[in-house]
Amino acid sequence: MKKETTLNLASMMLRMRSAAFWAACLAVVVSVGLGGVAAQAQTIGTPGVSGDQLVFLYDARSNRVAFMSAANPSSDTIFLDVALYSQDLTETLAAETVSLGPASNLVIDPTSFGGGGANGNAGLATVTPVESMEDITPVVPPQPIVGGFTLANLTLMSGFGQNPFARFAVLGNGSAASPGATVDGGSVSYQRFDPGVLMIPVYFDPADLGPPENDGNRVLIAVFLDDYDGGYRIIPGGTSAVGSFFNANGLLIAENTTAVNGVLLSDLQSMAGDSSLDGSSGKAFFEVDASGGNVFGLFSQSIGTFAAGQRMPAVAEVPTGTLPPVPVTISFDARVNGEQFSCGRTFSNIGTSNATVEPTDARLYIENVRLVNDDGAEVSVDLEQDGTWQVDDVALLDFEDATGLCGQRGTAETNSSVRGMVAGGTYTRLRFEMGVTKSLNHGDSATAPAPLNKTALFWSWNAGYKFIRYDNIAESNGNEFRVHIGSTACMGDGRGDATCANSNRIEVDLPFSPSDDTVLIQLAAFLANANVEQNSPETPPGCMSAPDDPECVPVFAAAGLPYGANPGGSQQIFSVE
Amino acid sequence: MQLGRTFLALTVALGLAACGGGGGDGDTAMGPTDPVDPVDPVDPPQPTPVVPEPNPDGPTAYVYDLPPGFPEPLIPDDNPMTVEGVELGRHLFYERRLSLNEEQSCGSCHQQALAFTDGLATAEGSTGDIHPRNSPSLTNVVYNPTLTWMNPLLVFLEEQALGPLFGEDPVELGFSGKEDELLERLRRDALYQVLFGNAYPDQGEPITLDSMTKAIASFQRTMISGNSPFDKFVYQGDDDAMSEEAKRGFLAFDSEGLECNHCHGGLNFASSLTHAGNPNDPTPFENNGLYNLGENGEYPRPNVGLFEFTERVRDYGRMKPPTLRNIEVTGPYMHDGSIETLEEVIRHYERGGRLIGGGDLAGDGKQNPNKSDFLTGFPLSNTQRLELLEFFKSLTDDEFLNDPRFSSPFPEE
């Protein structure tokens, strides 16, 4: 007995040390906002290898087998309630209470255990020490139980083994519960697996490993809640895993969010979403909110008969990183009353008089192009410096081709897209301004680089550029109606330092997918409330942004820009198709 | 002689100082001009354009031969004055191919004999568009801190040149969107290949918009008028250069009774004078009571004045008071050429604003709320009015109006 007592004392000390260790770990691992110290003390990041309860991931689907084992290192007989749950954790597929003598071992084969109800399934298994064969109230065992598992793929004839996901029963203040204590979820409860961030310390090029169906770069993540009411069981938890994938050089190469309901059986490439991981090796991070329950993860890799896997450790945080830039093209399409804009033809039903007009020009500058990612963050598009259409962060869109009346000032070349590089990611919105960046707008236009060297877009009277020129001639009476918008009420010298009271840049913010969407420029919208067949005497033809020009009132309103007493509103010109 | 030269000179110097000037001191200006041979105004020499030799030594610095009393001009660092640049600019200034239809050059609206104006109320562009404003004189334009009638943004002649070349409302020279054609015309011409190459030798392609506008600006910066009878009397020691009537006219002009000198003061008889010793002279823009429309003292569109740029109601009708040098030959007067003769101009200021009795422009300019405080009106006798006119005529610099350096290098067509 003396010997047993000594052993028990030693194991107690081990347990105490373990609890203290995990408590210290938690201070780093657990994210803020979990509440008081006691609550923190009951959560652990990385699961233990021994404890008062073991949890396993099993996979007994077709051509796969799993073996789990639980060992009782104590000198007492203990009783274990073993339950195998379905993948969504809503069903108990097999359950059995077994007794385990001193220094004995239990092997659990999910294909046959408890009547074989779990055969063909994958999910979670729990091994919970209980009071007796009849009373399955969870209790703290005399010594922490240990175990292991093996997951095997019969197609590949490969497999790997690992420690179980073990945890202790603790008091509210985080200290270890005494052997024999009832784990009721109140004064004594199991630690919660709450890593915050799970890490895959290393993965290898998915292209070189087995395909996902052969468990290449296999990822399993489980989310569950502890339910102590009416005897212990686990119930499903729903959350999502936000994955960040870094290559061997530490560069972020993919970001993606995956839903997790119960047990997620996936693979690395699926978790990375649209960004291909092929050709890379590195590490991955999954930020998972346990939502008051438990999260753990398993990662394995296999090449033929060789396989290796591990429980994913917890880390404090996802390293910061930006995805490497990828090429992006933002396409624009100029429309007039739903029809494609082109020179050398007429358009009907323009403006309040339903006039027929022939265009003489359609060019506009775009600046400060940004995409908004799924986190809501703006990411600048770094424009290709092509020496023709794009310079700095300004691009010229040119829809006229010098045919028809556009030949008067136009150019044969056209441009309907903005091209550049953007940090990789998932983008949901597009933002830009119609205009020329202030630092470039008031430079010396005689020496300005393309596309700021087009004299038809010089705005010399205001020491800047026309941000847009969309000009038409009415067929009925030859009235010329121009839409020239640029910054006005400027002070400065036209050599770089002008400031303008009326910026007149149109701010555009649109839902947008770079790969699928096109930005429509509804040119006729500028004219929708204007009469293009007339012009107020002694004012510029149409609207050239001068103050007190009646023709500018509807044009600026359509642009959403303030003009005179009108404070401006939402722009009617740009939309997405 | 009732009025001593020293007294007049002192008055002028004071006027200059009052307008923020400095450096108008004859002692510090470059040496006095040698007596200039009289130039026959009827038959000015017309040099034949010849393709000059390429100059391997690079451009030669242009040295101003300033009239006595004139301060050193302020030249932008990025466009130093060179003999070759000025020569190129003179060719470009008179080059009709600088209009798309080859009908006009800069010199069409800025004719030397009229002190680089055109004798029209408002200018006419190469395609027949009527400009809303009167062609401003280029006399001493190098001393203007801002250019044109009412644009505070146009500070550099290089920048200003882009307006006539590429402006569309109205069309002047008509090259909007046609810059390639403009440059091609010049690049195909052996004369310009050499002129540009000599003026801007260190560039791969010397014929650019930049070098074009720089050269035209350089030429304009040589257009200095300082040898009028007034100058000869005040600065050059010729007691007889000005008539007694003109001298009395000047004293009246410069008096607190008439207040003319507040807006037309100093060496250049303008509202401001910028030069190397006074680089940041502000440009006052003033409303001189020509019109009074609406409640805010507006001027008829599109010549709304400084308001166009500031959108401040008090800036309706404010224009830059121009130089009065060579004013005898620059009529019709005012920004819109709405006053035909100098005598009418004087009567306008006598009244302190113009009364328009009927029509769209009806209104009393004298009551314009934005009108300059100095423009209160004054009584003038017929004699005084004639003396004032004589003074204005004493500002006519025949040497400037006939100087072959400012004339067209091309033969008469």
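Mentor: What follows covers the sheets of chain A and then the domain assignment. The model is a predicted one.

Start with the open sheet of 5 strands in chain A that has the order 6-5-8-3-11. Its pairing is antiparallel. Strand 6 (92–100) and strand 11 (165–167) of chain A are the edge strands, each with pairing on one side only. Averaged over this sheet, neighbouring strands are turned by 20° against each other, with direction ignored. Inside the sheet, strand 5 (residues 78–85) of chain A runs antiparallel to strand 8 (residues 122–130) of chain A, and 6 bridges pair the two. For a specific contact to look up, take A:Leu84, whose bridge partner in strand 8 of chain A is A:Ala125.

Strands of a sheet pair through backbone hydrogen bonds, in either a parallel or an antiparallel sense.

Chain A also has an open sheet of 5 strands in the order 19-18-21-15-24, with antiparallel pairing. Here the edges are strand 19 (252–261) and strand 24 (314–315) of chain A, and each of them pairs on one side only. Strand 19 of chain A is joined by 9 bridges to strand 18 (residues 238–247) of chain A, and the two run antiparallel. One residue pair to inspect is A:Ser240 with its bridge partner A:Ala259, which lies in strand 19 of chain A.

As for the domains, the assignment for chain A gives domain 1 as 2–315 and domain 2 as 335–368 + 393–417 + 436–506 + 520–576. Between the C-alpha centres of domain 1 and domain 2 of chain A the distance is 64 Å.

Technical notes
Residues numbered from 1 in each chain as written. Chains lettered and ligands numbered in written order. Predicted model: local features only at pLDDT ≥ 70, side-chain atom pairs only at ≥ 80, totals over all residues. Pairing = 2+ DSSP bridges. Helix = DSSP H or I, 4+ residues; strand = E, 2+ residues; numbered from the N terminus. Axes fitted to C-alpha atoms, helices over the stretch in contact; angles between N-to-C directions. Domains from an automatic or database assignment.
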